[in-house]
Amino acid sequence: MENQNLFERWGIFRKGLKAEDIQESFANHLEYSLSKDRYTATMRDLYQSLALSIRDRMIEQWIRTQQHYHNHDMKRVYYLSAEYLMGRALTNNLISLEMYDEGKKAVEGLGLDLEELAGQEPDAGLGNGGLGRLAACFLDSMAAQEIPAHGYGIRYEFGIFEQAIRDFGQAELPDAWLKHGNPWEIARPEYSFTVKFYGRTVESKWPDGSPRIEWIDTDDVVGIPYDTPVCGYGNFTVNTLRLWSARASTEFDLEYFQHGDYLKAVEKKNLSENISKVLYPNDNNFQGQELRLKQQYFFVSCSIRDIIRRYLVDREDFGDFPKKVAIQMNDTHPSLAISELMRALIDEHGLGWDRAWEITRNTCAYTNHTILSEALEEWPIGMFGNLLPRNLQIIYEINRRFLLDVRIRYPRDEERARRMSIIREEGERKVRMAHLAIVGSHSVNGVAALHTELLKTRIFPDFDEMYPGRFNNKTNGITPRRWLLSANPRLAGLISDNIGAGWVRDLDRLAKIEPLASDASFRERFDAVKKANKRDLAGIARDLAGHVVDPDSIFDVQIKRIHEYKRQLLNILHIISCWVRLKQDPSFEMHPRTFFFAGKTAPDYYISKMTIRLVCRAADVLNRDPATNGRLRIAFLPNYRVTLAERIIPAADLSEQISTAGYEASGTGNMKLALNGALTIGTLDGANIEIMEEVGMENIFIFGLSSREVKELSPSYDARAYYERDPLLKETIDLVYSGFFSEGDKNLFRPLMDHLLGSDRYLVLADFASYRECQLRVGELYAKRDEWIGKAILNVARMGRFSSDRTILEYNRDIWRASPITVPYDEPTDGKTGGQKKTSS
């Protein structure tokens with residue numbers, strides 16, 4: 001089967017995969033699905049027709065996959081995530097179906113351009129950064145590894161905002177990604193669920209007389225699922241991403257309508273549907289916090305009950321539930337799954353507490369993605385109890401029983417009980433969601449070796465001591481299908497020409513190109529690929545933001561969410577200091593370099609928004625200087641998203657991974673950039689450490705304090721002392737203070753610099769000198785271009801460990817224990833006779 005071309009095997013289905021078959025489907029969809037012809041069709045119509053044609057070729061096997069899971073009674077993995085940064089689907093699906101060439105041929109035969117059509121698709125920006133992109137990579141890998149799996153999340157009507165740069169700062173515009181519909185999804189209203197909010201609880205009885213708690217007088221919202229197929233590469237597995245959309249339980253109040261109060265008549269509908277309206281509403285006020293909590297409970301409640309519904313299709317009890325169901329919570333956002341699974345089992349299915357708790361603990365697992373205290377969600381008791389009274393009762397009971405265990409294990413240690421309690425008692429009482437997730441899960445994992453160690457020793461040491469073995473590490477990974485095969489076809493082609501295409505499914509095979517790092521011919525072709533990608537990015541920078549950049553300069557790239565701990569401020573201060581040296585020191589040599597920035601920040605994050613403004617202002621000033629702009633330029637590329645990342649990453653020479661050691665859980669941008677031949681400059685933080693171990697210390701640039709040194713220095717750290725004793729640093733900061741980058745306005749950046757000198761929480765100034773010296777080594781090595789290329793090739797060759805396929809296989813081996821199953825391409829729907837059998841979709 002491995003030697004049989006997948007293209008040929010797919011040909012047995014109703015929808016052919018030849019170019020002429022695709023063209024026929026395309027024409028049919030244009031006329032019959034969209035009611036357009038060649039005279040009235042827009043480019044978006046043409047994209048929709050092609051997308052529907054490709055979706056057709058996934059649907060039959062999508063149905064077959066789900067039936068196969070059902071027929072073979074497979075254990076299924078349910079991945080709960082509040083974020084999914086899927087990116088565009090058209091090209092990715094063509095690649096997964098191994099029909100990219102035929103698709104391109106079909107489109108060109110119609111006088112169209114595939115890349116132009118693909119460009120009509122909006123990014124599905126249902127995430128804020130690495131968390132959502134990781135979830136998308138994991139879905140890809142679960143399908144590629146033939147693991148029966150479903151993703152669950154929210155179908156936000158408006159995703160992460162579109163970013164524009166206005167007056168040198170970030171402006172947020174709505175991301176109406178569903179404005180023209182989504183051809184990849186299918187609504188499943190038959191699997192809708194009603195979700196309760198507010199109300200009160202009362203005691204009642206089951207028919208057998210046993211006590212029961214009922215949640216009554218509620219405001220109800222309906223969750224409608226929308227399914228998107230997730231196609232496995234090189235196999236016939238098509239898994240499902242199910243996203244929930246909120247709808248009012250009643251469309252409008254007829255009584256208000258009849259009396260002419262039309263706004264009041266639809267008020268409840270509008271409030272209900274706000275739940276899935278926008279990704280991450282501003283939570284600096286009570287209404288925003290409550291909406292965030294509503295979103296989390298809404299999708300968790302729908303998902304948990306959908307999981308139970310599917311399990312009960314062929315069962316009448318819950319005896320096998322943990323054997324057939326694995327629930328993975330992606331960070332704390334879905335941690336209400338613990339209390340909601342308990343509520344559903346006890347209140348809706350009549351299980352006793354002990355049995356329900358045993359099932360919950362053996363079913364649920366929790367991935368932690370942060371050590372930042374502000375990101376470990378806590379909800380005020382008053383708000384939580386008003387919104388979710390029954391869940392709060394259950395959490396109180398979980399906590400009561402848990403603290404009893406703590407006190408038995410550690411008698412007379414009330415301080416320990418206070419630290420471990422799910423309820424924070426000091427100050428305003430709050431529910432600690434991370435504690436709930438840990439107590440209610442059989443596995444808790446970090447996402448890089450250092451991150452996991454910090455969870456065990458600094459953040460949750462009491463829990464690690466009480467539950468030995470529960471904490472484990474699963475270093476993140478990325479899918480090579482999107483981040484090399486799709487994003488960088490030139491490099492993917494070069495690799496496949498030399499070692500074959502097996503690396504697409506087994507990234508460890510990249511090691512076969514390692515000997516080619518010393519082959520002059522291969523280095524020359526590798527360099528040609530990088531230069532072509534850089535020319536492409538130069539064109540994008542010009543078209544997108546008006547930047548004129550030199551493709552022969554070092555492309556120095558920092559692309560990620562803008563946040564203080566990621567230290568874009570360290571980067572821009574170093575850039576300004578380089579300009580100062582170029583102006584003052586004729587002997588200072590600097591290889592021409594273009595510094596690329598891209599990333600969004602939260603609309604209410606003042607310090608990060610001011611950092612963006614400083615980067616853009618510095619770009620405006622320094623790029624104008626004819627004496628230096630041949631050696632130093634800055635380009636901020638707006639509206640960073642998956643599609644833009646796919647264009648930047650293949651062109652990067654240097655990957656900036658400069659977070660304060662101990663604060664970045666893992667990072668995956670570091671992996672994507674290294675996989676595409678960028679050398680890393682970074683701290684000993686997150687997965688940087690493991691990348692260093694894989695590629696070799698001589699093929700990476702490491703600087704700065706270690707996490708241990710950061711912890712030791714922080715209590716006595718004096719940022720101003722570093723400023724005072726480093727003349728170049730002082731001159732750089734004083735230049736910002738002076739109004740040089742703000743048209744003489746000394747007040748514009750004063751708060752940012754005051755914040756840096758007064759409360760430099762992330763030790764920017766402590767690492768500045770080390771960073772500066774490390775950057776000098778970067779320039780020196782790049783001047784030896786042939787040596788640089790050899791190191792870039794070694795980075796690519798040694799990135800096999802960072803495939804999300806490896807990560808998923810580790811999750812499955814250690815946590816989920818779901819048996820992979822190969823979905824055949826010729827099995828009848830009931831596995832025997834071709835008859836139709838009850839499905840559990």
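I took contact to mean heavy atoms within 4.5 Å. With that cut-off I looked up Ile-634, skipping residues up to four places away in sequence, and got His-547, Ile-572, Ile-575, Phe-595, Phe-597, Val-615, Ala-618, Ala-619, Leu-622 and Asn-623.

Ground rules before going on. This is a predicted model, where local features need pLDDT of at least 70 and side-chain atom pairs count only at pLDDT 80 or more, while totals for chains, interfaces and linings use all residues. Residues are numbered from 1 along each chain as its sequence is written, and side-chain values use heavy atoms, with hydrogens and water left out.

**Cores.** I searched for nonpolar cores, meaning sets of buried Ala, Val, Leu, Ile, Met, Phe, Trp, Tyr and Cys residues joined through side-chain atoms within 4.5 Å. Buried is under 20% relative accessible area, exposed is over 50%, and partly exposed is in between (1.4 Å probe, protein chains only). The largest core holds 131 residues, and Ile-634 is among those with the most contacts inside it, along with Trp-503, Ile-572, Leu-632, Ile-733 and Leu-765. Helix α24 (residues 568-584) is the top contributor to this core, giving 10 residues. For the element names I used DSSP runs, numbered from the N terminus: helices are H or I with at least four residues, strands are E with at least two. I also noted another core lying apart from that one, with 111 residues including Leu-80, Ile-327, Leu-392 and Ile-808.

**Rings.** I counted aromatic pairs next and found 24 in the whole structure. Rings of Phe, Tyr and Trp (its six-membered ring) pair if their centres lie within 6.5 Å; planes under 30 degrees apart are stacked, over 60 edge-to-face, and the rest tilted. I picked out Phe-318 and Phe-321, a tilted pair at 5.8 Å centre to centre with 55° between the planes. Both Phe-318 and Phe-321 are buried. Tyr-78, Tyr-152, Phe-193 and Trp-244 make up one aromatic cluster.

I then checked for charges over rings (NZ of Lys or CZ of Arg within 6 Å of the ring centre and within 35 degrees of the ring normal). Arg-188 sits over the face of Trp-62, 5.5 Å from the ring centre.

Most residues other than glycine have a negative phi. I found a positive phi of about 55° at Asp-217, which is not a glycine. Asp-217 is in the loop between β10 (211-216) and β11 (219-231), and counts as exposed because its relative accessibility is 53%. Leu-763, also not a glycine, has a positive phi of about 55°. Leu-763 is in the loop between α32 (750-758) and α33 (764-783). At 1% relative accessibility, I logged Leu-763 as buried.
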